[in-house]
Amino acid sequence: MADESTRSTACTGSSLLQPVSEMTNLPLDQVRPGSSYFCMHYPRADPRSPARTALQLRGGDRVSNRRRFVNFVVCQLCALISAFWFRIFLHPSKTSPFIRHVVATVLGLYFALFCFGWYALHFLLQSGLTYGIMILTGVEHMHKYCLVVALSYLSLCQITRVYVFDYGMYSADFTGPMMVITQKITSLAFEIHDGMARKEEHLTAGQKILAIRRMPSLLEYFSYNCNFMGILAGPTCSYNDYIAFIEGEPRRHRELEADKQSKSRLRQDEPSPNVEVVRKVATSFFCLLVFLSVCKVFPVERNIDADFIANTPFYAQVVYLYLSMLTTRPKYYFVWTLADAINNAAGFGFNGYDSNGAPRWDLISNLRILNIE
């Protein structure tokens, strides 16, 4: 049995929702080798194996991992409610971009701290370090330095988490959001390089749209990386798209000459995202229901069970691997589709109108489920 100090460090996020995690008993920990499911179904596993050793060293891991997942889901639901409030009460017509930047950043950091505790400081450290590189090294080479530093920082955090803190475990952890932030940092650095260090004639049409012509302020930079809409699960977006959204002029840098006549109509008749948000929220919770219903039928850890490997034909192992992965994917569909809905609820993601005059909300997106399947 792990001692109390070991348990307390297993999850640094808020324990406010501990009773909820115990009541729901979400089966996220079933995909971890050190979970109670693993020990129940594979009792003959070598007690000296990494998975069993990890279980012995972390007696509180099952509870802490479940709590992290509950914290994550609750924060995303709070972010969804906040997004509606942000769109209605902090609309660009009612407040300044500065206020919108501050509120988006503060809420994002609060949700990160609630989920991951002091580990969320890595978001600020990684962003601050790369911003310093952008300012100090100049636009000619800073995109290369930012790429190397951001990826190195992420890799160091991931290796440390896997081999030091959570060896043999699968958990909802802070390196997931860091992956999204790393994408934002590197794409921003290259877009600044395109806009400030390269000649216009050397850019493609797509690069011209995304090129950044001035260095972002520190507030704009942290708002882009750590806003509450995307800090936990993305999706990655263009800096120009984000700033246009904050300033209340969506797609301003994407409009063609032929579209400019309809510009006033778009501003006066801003489309409501409510229908799209309801559709995405319903889709996300349907995916969660599917996951909770079928994940016990094809447990992922059975793929590495010695008895299963020894007594099952290879083709059957391949089929089982496919089915177990098929039943695991809805969990990620739930998280990423809900993240898309949060951005749309805040008014971010409008991409003009289709041929039938219906508003499109696909400017940013984590995934397209039907295309994947």
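In this predicted model, Pro97, Arg100, His101 and Ala104 of helix α6 meet Tyr242, Ile243, Phe245 and Ile246 of helix α12. By class, this contact has six nonpolar residues, one polar and one charged. The aromatic pairs come to 20.

**Helix packing**
- Helix α6 spans residues 97-116, and helix α12 spans residues 239-246.
- Their axes come within 9 Å and cross at roughly 115°.
- Arg100 of α6 and Phe245 of α12 both belong to this contact. The charged end of Arg100 sits over the Phe245 ring, 5.0 Å from the ring centre.

- One aromatic cluster is formed by Phe86, Tyr224, Phe228, Tyr239, Tyr242, Phe245 and Phe348.
- Among the aromatic pairs, Tyr242 and Phe348 are edge-to-face, with 6.0 Å between centres and 70° between planes.
- Tyr242 lies in α12 and Phe348 in the loop between α16 (314-345) and α17 (369-372), so the pair ties together parts 106 residues apart in sequence.
- Tyr242 is buried, at 0% relative accessible area. Phe348 is also buried, at 2%.

**A pair within helix α16**
- The ring centres of Tyr332 and Trp336 are 5.7 Å apart and the planes stand at 35°, so this pair is tilted.
- Tyr332 and Trp336 are four residues apart in α16, which means about one helical turn separates them.
- Tyr332 is partly exposed, at 28% relative accessible area. Trp336 is partly exposed too, at 35%.

**Another charge over a ring**
- Arg302 lies over the face of Tyr320, 5.4 Å from the ring centre.

Note on methods. Residues numbered from 1 in each chain as written. Predicted model: local features only at pLDDT ≥ 70, side-chain atom pairs only at ≥ 80, totals over all residues. Heavy atoms only, no water. Axes fitted to C-alpha atoms, helices over the stretch in contact; angles between N-to-C directions. Helix = DSSP H or I, 4+ residues; strand = E, 2+ residues; numbered from the N terminus. Contact = heavy atoms within 4.5 Å. Nonpolar A, V, L, I, M, F, W, Y, C, P; charged D, E, K, R; others polar. Phe/Tyr/Trp six-rings, centres within 6.5 Å; stacked < 30°, edge-to-face > 60°. Buried < 20%, exposed > 50% of the residue type's maximum accessible area, 1.4 Å probe, protein only. Lys NZ or Arg CZ within 6 Å of the ring centre and 35° of its normal.
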